[in-house]
Amino acid sequence: MYRLVYPGSFDPPTLGHLDIMARALRLCDELRVAVLTSGSKQARFSLEQRLDMLHLAIQDLDQASRVVVEGFSGLLVDYVQACGGQAVVRGVRNVSDFSYEENMAEINRQLCAPHETILLPAKPELAFMSSSLIKEMDRLDQDYRAWLPASSYAYTKEAFRQAHVV
Ligand code: PNS
C-alpha cells in the first residue's frame, strides 16, 4: 500500500487543505491526515474540534474512504515511520511557504527520515487563503463561507462562536 502523510495544524481546515487532499489522493492508496496536537504555536481549536472539522470536511471528497484522520505529537519523522508512510505531502502557496517547506524537508532528512517530501502548488484561486486569515475574518465578523469546505462550515462557525462565549 502506498501511503502518503499530510501533516498540519488544520486550525481550522480550509478549502486549500481540502484541495491538497483531493490531489494527494490521486497519488496514493491511503492518505493519512495527521493533525499536530501540540506545536510551537497555540492552536485556536482543540484537537477534538480539529479532528471533527476534518472528518466533516473529507465528506466533500470523492474518495473519503481512503482518508485516515488522526492526531500526532512529537517528531513528524517518527509519526511517518510508525504509520508506514512512504512520503509526506504539503501544499505551497507562495515563496514563503516554499522556503519554510524546503527547510522542513531538509531538517527531516537530517533526522534520517527515509521518506520524501512532495510539495503541491496551491491553486491560484486558493493561494492567498490560510487558517490565520479565516481566524482574522471571524474576528472582524466577515463572511468566510466561500473558503471553508461546505461540510465543515457550520461546525467551524459554531466552534468560533463558542470560543467567543468563554
Ligand atoms: O499547518 P502547519 O502549522 O504549517 O504544519 C506544520 C507541521 C505540523 C507540518 C510541522 O510543524 C511539523 O511537522 N511539526 C512536527 C514537529 C517536527 O517534526 N518538526 C521538525 C523537526 S524539529
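Which element gives the most to the lining of the largest pocket? In this predicted model, the answer is H4, with seven residues. The pocket itself holds about 1200 Å³ of space. Its lining is made up of 45 residues, and those lying nearest its centre are Gly8, Ser9, Lys41, Arg90 and Tyr100. Two or more lining residues come from each of S1, H1, S4, H4 and H5.

Helix H4 covers residues 95-110, and Asp97 has its place there. Asp97 has a relative accessible area of 14%, so this residue counts as buried; the cut-off for that word is under 20%. A polar contact of 2.7 Å joins the side chain of Asp97 to the side chain of Arg93. If neighbours within four places in sequence are left aside, Asp97 is in contact with Gly91 and Val92.

The volume of the largest cavity is about 50 Å³. Ala105, Asn108, Arg109, Ala113, His115, Glu116 and Thr117 line it. At least two residues of this lining come from H4 and at least two from S5. H4 gives the most to the lining of the largest cavity, with three residues.

The next element to look at is helix H1, residues 15-25. Nine of its eleven residues are buried, so H1 is largely enclosed by the rest of the structure. The buried residues are Gly16, His17, Leu18, Asp19, Ile20, Met21, Arg23, Ala24 and Leu25. At the start of H1, the backbone nitrogen of Gly16 has a side-chain oxygen of Thr14 within 3.1 Å.

H1 leads on to the largest nonpolar core. This core has 22 residues, of which Met21, Leu31, Val33, Val69 and Val89 touch the most other members. Strand S1 (3-8), H1, strand S2 (30-36), helix H2 (47-57), strand S3 (67-72) and strand S4 (87-92) are the elements that give two or more residues to this core. The largest share, five residues, comes from H1. What does Val33 touch, not counting residues up to four places away in sequence? The list for Val33 is Tyr6, Phe10, Met21, Leu54, Val67, Val68, Val69 and Glu70. There is also a second, separate core of ten residues, and among its members are Met137, Tyr144, Ala159 and Phe160.

Some of these residues also belong to ring pairs. A pair of aromatic rings is described by the distance of the centres and the angle of the planes. Six aromatic pairs are found in a search of the whole structure. In one of them, the ring centres of Phe72 and Tyr79 are 5.3 Å apart and the planes lie at 40°, so this pair is tilted. Phe72 and Tyr79 are both buried. Phe128 and Trp147 form another aromatic pair, an edge-to-face one, with 5.0 Å from centre to centre and 85° between the planes. This pair links distant parts of the chain, 19 residues apart: Phe128 is in the loop between strand S5 (116-121) and helix H5 (131-139), and Trp147 is in the loop between H5 and helix H6 (150-165). Phe128 has 45% relative accessibility and therefore counts as partly exposed. Elsewhere, ring pairs link Phe45, Tyr144, Tyr153 and Phe160 into a cluster.

The last stop is Asp60. Where does Asp60 lie? Asp60 is in the loop between H2 and S3. Its relative accessible area is 33%, so Asp60 is partly exposed. Asp60 and Ser151 are 91 residues apart in sequence, while in space the distance from C-alpha to C-alpha is 6.4 Å. The side chain of Asp60 reaches the backbone nitrogen of Ala150 at 3.0 Å. With neighbours within four places in sequence left aside, the contacts of Asp60 are Leu18, Pro149, Ala150 and Ser151. One of these contacts, Leu18, is among the buried residues of H1.

Technical notes:
Residues are numbered from 1 along each chain as its sequence is written. This is a predicted model: local features need pLDDT of at least 70, side-chain atom pairs count only at pLDDT 80 or more; totals for chains, interfaces and linings use all residues. Side-chain values use heavy atoms; hydrogens and water are left out. Buried means under 20% relative accessible area, exposed over 50%, partly exposed in between (1.4 Å probe, protein chains only). Helices (H or I, at least four residues) and strands (E, at least two) are DSSP runs, numbered from the N terminus. A polar contact is a pair of N or O atoms within 3.5 Å; within protein, one must be able to donate a hydrogen and the other to accept it, and residues adjacent in sequence count only if both atoms are side-chain atoms. Rings of Phe, Tyr and Trp (its six-membered ring) pair if their centres lie within 6.5 Å; planes under 30 degrees apart count as stacked, over 60 as edge-to-face and the rest as tilted. Contact means heavy atoms within 4.5 Å. A nonpolar core is a set of buried Ala, Val, Leu, Ile, Met, Phe, Trp, Tyr and Cys residues joined through side-chain atoms within 4.5 Å. On a 1 Å grid over the protein atoms alone, a cavity is a set of points where a 1.4 Å probe fits but cannot get out, and a pocket is an open set with protein on both sides within 12 Å along at least five of seven lines; lining residues have an atom within 4 Å of a point. Grid points are joined across faces, edges and corners, and a volume is the space filled by probe spheres set on the points.
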